[in-house]
Amino acid sequence: LDTLEKWVTEIFSEIPNNGLPKPSFDHLTQPFDTPEFHKLYRVVPIRKVHSLTITWALPPQEQYYRVKPLHYISWLVGHEGKGSVLSFLRKKFWALALYGGNGETGFEQNSTYSIFSISVTLTDEGYKHFYEVAHVVFQYVKMLQKRGPDQRQVIWEEIQKIEANEFHYQEQTDPVDYVENLCENMQLFRKEDFLTGDQLLFEYKPEV
């Protein structure tokens with residue numbers, strides 16, 4: 001640590017501080033509210049794989065990092081047990097896997113928007129019925145929206161405990177990667193959350 005501190009001081013101390021706030025692009029609202037975004041695109045893959053990806057552009061969510069609403073929704077969407085989207089699609093032999101979520105950094109989350117995507121890996125039969133697959137996904141999301149999160153605090157607390165366990169018992173990572181990650185966190189979170197802001201859930205707020 002002493003050596004690192006010495007290097008940082010030598011390398012960065014002479015860079016002038018212009019006193020300006022961090023740039024924000026939150027005035028550029030609705031960047032995806034264009035005719036080009038509200039379309040279905042078919043892309044021919046290089047390898048033989050069928051994948052259906054549905055993407056929503058949402059208002060910026062980084063301010064809610066202590067609640068992590070998109071993480072909560074992706075947990076519900078990605079559930080594989082009885083009554084889940086994936087279990088239903090597997091019974092029809094339409095899908096092999098399903099993933100939903102937001103990477104919480106960079107292109108997927110910034111001061112202008114947040115992206116939320118659901119990707120379904122389809123079987124050959126599922127590819128023939130991809131409209132029905134998309135309909136099932138939208139039905140499930142609509143059901144979540146209609147029922148609301150009030151009855152699901154137990155699920156949120158379960159996610160909170162799992163993430164806490166993973167944080168406390170995580171394996172040691174490459175120091176360079178760890179420092180880089182912390183430097184990024186310093187741009188996004190309050191000082192007391194530099195170490196934990198990208199991993200732990202702190203507050204249950206159903207309205208968010």
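Guide: Side chains of opposite charge can pair when their charged atoms come close. In this predicted model, Asp-193 forms a salt bridge with Arg-66, with 2.7 Å between the closest N and O atoms. Asp-193 lies in the segment after helix H7 (175-188) and Arg-66 in the loop between strand S1 (50-58) and helix H2 (69-77), so the pair ties together parts 127 residues apart in sequence.

Visitor: Is Asp-193 buried or exposed, and is Arg-66 buried or exposed?

Guide: Asp-193 is buried, at 4% relative accessible area. Arg-66 is buried as well, at 18%, where the cut-off is under 20%.

Visitor: How many salt bridges does a search of the whole structure find?

Guide: The search finds seven. One of them joins Glu-125 and Lys-128, at 3.7 Å from N to O. These two residues are three apart in helix H4 (residues 124-128), so about one helical turn separates them. Glu-125 is partly exposed at 35% relative accessibility, while Lys-128 is exposed at 63%.

Visitor: Which side chain meets Arg-190 in a salt bridge?

Guide: That of Glu-192, at 3.1 Å from N to O. Arg-190 is partly exposed, with a relative accessible area of 43%, and Glu-192 is exposed, with 55%. Elsewhere, salt bridges with shared partners join Arg-66, Asp-193, Glu-203 and Lys-205 into one network.

Visitor: How many positive and negative charges does the protein have?

Guide: There are 21 positive and 29 negative charges, and their mean positions are 13 Å apart.

Definitions and conventions. Residues are numbered from 1 along each chain as its sequence is written. This is a predicted model: local features need pLDDT of at least 70, side-chain atom pairs count only at pLDDT 80 or more; totals for chains, interfaces and linings use all residues. Side-chain values use heavy atoms; hydrogens and water are left out. Lys and Arg count as positive and Asp and Glu as negative; His and the chain ends are not counted. The place of a charge is taken as NZ of Lys, CZ of Arg, CG of Asp or CD of Glu. A salt bridge is a side-chain nitrogen of Lys or Arg within 4 Å of a carboxyl oxygen of Asp or Glu. Helices (H or I, at least four residues) and strands (E, at least two) are DSSP runs, numbered from the N terminus. Buried means under 20% relative accessible area, exposed over 50%, partly exposed in between (1.4 Å probe, protein chains only).
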